[in-house]
Amino acid sequence: MGSSRMSKSLSQIVLPVAGGTALALSVALVVANLDYGRSKISSLEQRVEQTSLQAEAARNKASEEAAVVAELKAKVAEIQLAAIENATGGTNLTENAPRKDIAYGLGRAALTEEITAWDVDVLPDGRGLPEGRGDVFTGEEVFAEKCASCHGDFAEGVDNWPVLAGGFDTLADKDPVKTVGSYWPYLSTVWDYVHRSMPFGEAQTLTPDETYAIVAYILYSNDMVDDEFELSHENFPDIEMYNTGGFVIDDRPDREYTRWRGEPCMKNCKSAVEITMRATFLDVTPDEGGESRMDHTASENTPTFVASTDSTNTSVETETLEISALETDPAVVLAGEKVFKKCKACHAVGAGAKNKSGPQLNDLMGRMMGSVDGFKYSKAFKAAMEEGRVWNDAELAAFLAKPKAYMKGTRMSFAGIKKEKDLTAIIEFLRTTSN
Amino acid sequence: MDKTIKTSRRTFLKGSVAIAGASVAGGAAASEADPLITEVQEWASATGVGVDETPYGMPISFEKDVVRRNVEWLTASPISSINFTPIHALDGTITPQGCAFERHHSGAIELRKEDFRLMINGLVDRPLVFSYQDLERFPRENHIYFCECAANTGMEWAGAQLNGAQFTHGMIHNMEYTGVPLRTLLHEAGLGSANDLKNKWVYVEGADASSNGRSIPMEKALDDVLVAFKANGEALRMEHGYPVRLVVPGWEGNMWIKWLRRIEVTDAAVESREETSKYTDVYEDGTARKWTWVMDAKSVITTPSPQMPIDHTRGPMVISGLAWSGHGQITRVDVSKDGGITWETARLGKQGDTKALTRFYLDTEWTGEPMLLQSRAMDETGYVQPTKQQLRDSRGENSVYHNNCIQTWYVDENGVVENVEVS
């Protein structure tokens, strides 16, 4: 602290002096050049000689002086910086608006009737509801007149307009039907939304009684009340919604964030990649959308991308990615990956694979049987390891075809692979799996 | 109009392929002198347009396909609908207002500054009404933030659907906002009567016919929320809420109330339609998740992409894209050319701003081989952008909103690009 303050006060004194020196120096430079230009010349040779000499001298002098100027410039910059710092007392001048919790005295008091006009929101517990009532019968009439053109006579939705009724017990289906009945957790939301936002194009025109009646009718359309029902501010809190308990508060922190943090995989992150779905097959992109030139008919055969089997290679770009150009047929490897689904419950492969109920199967070919650290093998596999037996194509094929027959006493409860093709495929696949 | 652009582009492509055939490494050698250089062009001789011609400039006519587009079948009516930013054709990070996506629930309205009123009421000491001028007298700030609709990439949950970065990822824009911290206005009205602020909410609402309203927890309201009136230096556009909108950094776009008219301090969430029926995500078992406000880290490659095929010969090429996170800064983006087997770390255009778009570049070679391009963002919390499979494993396939999966573009040997899903 002390030393920085000292250099600041020093710089204040030096600043004008140094600036002056720099100025004087550059003036001298110009004058010197003029002098060279004016020197007398007696002959052409002399002139040539003299000129080159002068040029040489001028160059030397100029570079010397340039060095001095550069040094001074740096000094000036340093001094200016210090001066700025000094002027601001060392604080950063770029700052956000002050965080004062004082009043500036701007704006004017809101009048009660203004607040009443605009503050119309209704909370789940019914606060904010105006007094009023309306029955299903009236609701049906108002709905037919003001809502049915878009939402259908029975709130079932016309064309692409929202469906307001039905859809019960579909929320766990592939395409859940989310309606006021099946999905909305609070009745207050229906009242609030209809009252403030509908009918579309004529919003904020419904009276409280009309709104009560319409909401009663929407409940009726959802079979939640009978046709005699009347809704009012009094019985409002008694209505139970079907899906009130159906919501949880954002659980991404536990569900996802904790799992999805950390250093991601950079190499050999998958054994093979294949295209599983293409947008051009659906072709729902608007035509005027741009200039994609994807030929829908031509590129039926999309390539498969396979990780390299050669783990000694370090050049990431060219060696770990090879497209359809490996000795191993990528199609077979892919088929093998599918067969591996039968094993997945018990075995893991790939980066960071851990032992599950069966040992991890990375770099299996050439691996000693029963040799994975930390896995508790059966006596049969322990014996195989002591004998020094090693996994290769033939051994693996025999084992996987009939595990129990090949290795008497194995704990692997797996019936075996029947099809020759699947056997070849899984072996090809296990050739590619590594950490 | 678009048709002619398409043809001319195609002709251009053919031309460049022809050149490629004749070319040797180190660039094409010209056999004939280029008349564009050897002959005096009209524009080099005659005079151009005067300064009185264009009081407010629009992009030059050659750029007329760099526009917002909508997808008709998505919604029943363009009045309550959305369009998409042409992110495939932009570079840098700032989105020009004129092509920044729009989402309205009852159409965009024309509201004059003179007719603008902003009310603060509820659990405040002094319910107040502000005019537009009042707002300009409070200390103000400038910040760059992205605004992403929670439905961005929503059509891709079930599978690869829309063929273009504009359509898969264009519900986003990034602007520099000028405005007053919401906190300042809340203090102006006084929070004394709200007592414990921990369980308090701020309900915000717009002046349009949808009167879109959302509940924001007090903690966020007092943190970085802005009441903004300028974007990229000029007044907000009508479609973005002129004259005043709310800016809720890092949180879903629906909360960024446009044509802001009312701020109410409450002791509970209002549970409005937009925070119950909409913007909630249904899990596989039918339970739904609500209050999913923060937009998680996400990225997408904008070039090449389906609307931006590779137009040049083999050799140097730039892969470029955008990354962002509602949790703060983007710290790293990795790019894969083989569908996620191998990754390379991209270069960030500049240090990522908090809750703003970050541009990334991978300066690389186009080998002419097919590619499966992916980008993967990481943010300051260490969060790594998930694959579509990870998201599906976590949430099932019934979600509509909050899809921040890794996107895959398939580039074929001709440089043509398609939206695909991979194993």
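## Strand pairing in chain B

In this predicted model, β6(B) pairs with strand β7 (residues 172-181) of chain B in the antiparallel sense over 8 bridges; two strands pair if DSSP finds at least two bridges between them. Strands (E, at least two residues) and helices (H or I, at least four) are DSSP runs numbered from the N terminus. Within this pairing, Thr178(B) of β7(B) is the bridge partner of Asn142(B).

Strand β6 (residues 141-148) of chain B is mostly covered, with 6 of its 8 residues buried. Buried denotes under 20% relative accessible area, exposed over 50%, and partly exposed in between (1.4 Å probe, protein chains only).

Asn404(B) lies in the loop between α7 (388-395) and β23 (408-411) of chain B. Its relative accessible area is 3%, so Asn404(B) is classed as buried. Setting aside residues up to four places away in sequence, Asn404(B) touches Asp296(B), Ala297(B), Lys298(B), Tyr383(B), Gln385(B), Pro386(B), Leu391(B) and Arg395(B), where contact means heavy atoms within 4.5 Å.

The side chains of Asn404(B) and Tyr383(B) make a polar contact (2.9 Å). A polar contact is a pair of N or O atoms within 3.5 Å; within protein, one must be able to donate a hydrogen and the other to accept it, and residues adjacent in sequence count only if both atoms are side-chain atoms.

## Interface of chains A and B

Chain A contributes 98 residues to the contact and chain B contributes 130 residues. The two chains bury about 9,500 Å² between them, 55% of it on carbon and sulfur atoms; buried area is the accessible area (1.4 Å probe) that two parts lose on being put together, summed over both.

Across the interface there are 48 residue pairs in polar contact, both at pLDDT 80 or more, and 9 salt bridges. A salt bridge places a side-chain nitrogen of Lys or Arg within 4 Å of a carboxyl oxygen of Asp or Glu. Asp119(A) forms a salt bridge with Arg262(B), the closest N and O atoms being 3.4 Å apart. Strand β4 (residues 247-249) of chain A and strand β15 (residues 288-290) of chain B pair in the parallel sense over 3 bridges, and Lys290(B) is the bridge partner of Ile249(A).

## Chain A and basis of the values

Chain A has 15 helices and 8 strands, and buried residues make up 37% of its 435 residues.

Residues are numbered from 1 along each chain as its sequence is written, and chains are lettered from A and ligands numbered from 1 in the order in which they are written. For this predicted model, local features need pLDDT of at least 70, side-chain atom pairs count only at pLDDT 80 or more, and totals for chains, interfaces and linings use all residues, while side-chain values use heavy atoms, with hydrogens and water left out.
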